[in-house]
Amino acid sequence: MPEQVPLDFLGDLRRTHTCGQLRLADTGQRVILMGWVHRRRDLGGVIFIHLRDREGVSQLVFHADDAFAEAHDKADLLRSEYVIAVEGLVKVRTPETINPNLPTGEVEVVAEKVWILNESRTPPFPMEDNVDVNEDARLKYRYMDLRRPRMQKNIILRAKISLAIREVLDAQGFLEIETPFLTKSTPEGARDFLVPSRMYPGDFYALPQSPQIFKQLLMISGFDKYFQIVRCFRDEDLRADRQYEFTQIDREMSFPQQETIFSVIEPLLERVCAVAGFTVTAPFPRMTYKQAMRSYGTDKPDLRIPPFHCVEDLFPEDPNFATPGLPLVAIVIPNTGAPTRKERDDLKAFGQERGLRVFDDAKRLERDAPEVMAQVRARTGAGENDLLFLCGWLGEPKGHRPEETVLLAAGQLRLFAAQKFNDRNNLLNPTDFRFAWVVDFPMFEWNDEAERWVAAHHPFTSVHDEDIDKLTTDPARCRAKSYDIVLNGTELGSGSIRIHRRDIQSAVFQSLGLSTEEAEEKFGFLLEALEYGAPPHGGIALGLDRIVMILAGEKSLRDVIPFPKTAKGTDLMCDAPSSVPDKNLRELNIQVRRKQ
């Protein structure tokens, strides 16, 4: 970096255009552009600068002629990421210098004046997208990473999607209402982030995992339709699609049927996809949890992959294929051609790791049992160019729903096979968006560690009317009035019709093993509120980060969140979490015990 670069003040200077705005129609105009030096080429008598801002790039030309000598001399001082302002005339490029890769590529600005507003150290990595940069470096210098075109595009898309959400919900009569960030710790779900109270030593607030209870209270308050694009916090292990802090599109309404919720969300998702340049058409398919498990082996099915089929009824007397009482699954992956021996071995190994016995050689099966396999092909619709294989359970699966154990393993194998052969058939095309609703989840699931039933979604979900009498007698058979919206194997959001009666809410707490005293201590304010004319209500929360990630074609939430944490939950840029002075800890009546 040159030393003692003379810097200018912005003063009253105002830009007339952004760097991505100039076109042929602007030829002959005097313009003022401001931005960052993206690229510099010095040809001696002429210096070319690509000037960048969030809207794009414009080419600047600095001539060494007497009339422009001062601007040329200052351009000689410019380096990557200097912040400058330039005044000049828009000129048409000669045909051989037109850049078809830039929207502004037919014109350039002949610079007459230049102001150097700030200099820059050498960037820690190039600003181009085609350069692979270590993620730790990207997160340490996030303010620089956010200047790269890919990240600018993602964050701008996020802003446009948020605006579209507000417009759609506002047009439907929803009110945007904020709920507290400092609230009470919850006993269910992920771990809370706790905030110590200085005024009440030994007591803690919790950052909300969701605004669930508060949005229900807003319905009791009579606001009828609420929404919020809200930050939520969960102290859980991180993955590519999880962060400690995340943003959800939260909405609730009074007096809804399940279809009422769907009729709000489907046009919202149509609009959001349109903002990203994609067309999807409602209504989206609906299936019950039981149907999803029986056809896809997951409660978040990827509809780009054909469903599998249970065929144990075709092998009723053959214990070599299926464990009695458990599914035998036929999986079809279309247009793969004949798999290699290694590919078949990989499928078999993947299945065995999950407790499955995989019958990978369809030709051998058809030779040994031609009539039965003809029926399998008829049921599955498998063609000659498709991959067809069977899988059954190796032993006796444990658990309260053993059939689901088998189906879950088969669902994982189905997805693995689709991914393995995707380079042949492009089955998992990332721009092929297949939404689906999954409904009627189990109300409860068994927690082996706690040795009790826990809420499959959350304890404020209504149970189906005809299953209420099973709440305390047969929790395994209770179906919830809950629903998930799924896209290409990813859950985008989850919701339910809520409990609006105290007696039913108390019965659910009892099913979860909460005593009357515990329920009163933790949720007394909600139970009391339900006695003051609580209307039937329901809603859903969608993950904004996940939606933007998929529409942007990214694989990690960190690429669509401006300032994310690492996979270990740290902030490399701010160096957080970090210790605080003992004085602050004493004010909060906290004593830290370090692990030895």
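1. A cavity, as the term is used here, is a set of grid points where a 1.4 Å probe fits but cannot get out. The structure under discussion is a predicted model, and a search of the whole of it finds 3 cavities of 30 Å³ or more.

2. The second largest cavity has a volume of about 40 Å³. Helix H6 (258-275) and helix H15 (544-551) are the elements that give two or more residues to its lining. H15 supplies the largest share, 4 residues.

3. The largest cavity holds about 50 Å³ of space. Its lining is made up of Leu-139, Arg-142, Phe-563, Pro-564, Thr-566, Thr-570, Asp-571, Leu-572 and Met-573. This lining divides into 5 nonpolar, 2 polar and 2 charged residues.

4. A separate point concerns a strand pair. Strand S17 (residues 444-447) and strand S18 (residues 452-455) run antiparallel and are joined by 4 bridges. Within this pairing, Glu-445 has Val-454 of S18 as its bridge partner.

5. The connection between these strands also deserves attention. S17 and S18 form a hairpin, with 4 residues between the two strands. In the turn, Glu-451 has a positive phi of about 55 degrees.

Conventions. Residues numbered from 1 in each chain as written. Predicted model: local features only at pLDDT ≥ 70, side-chain atom pairs only at ≥ 80, totals over all residues. Heavy atoms only, no water. 1 Å grid on protein atoms, 1.4 Å probe; cavity = no way out; pocket = protein on both sides within 12 Å on 5 of 7 lines; lining within 4 Å. Points joined across faces, edges and corners; volume = space filled by probe spheres on them. Nonpolar A, V, L, I, M, F, W, Y, C, P; charged D, E, K, R; others polar. Pairing = 2+ DSSP bridges.
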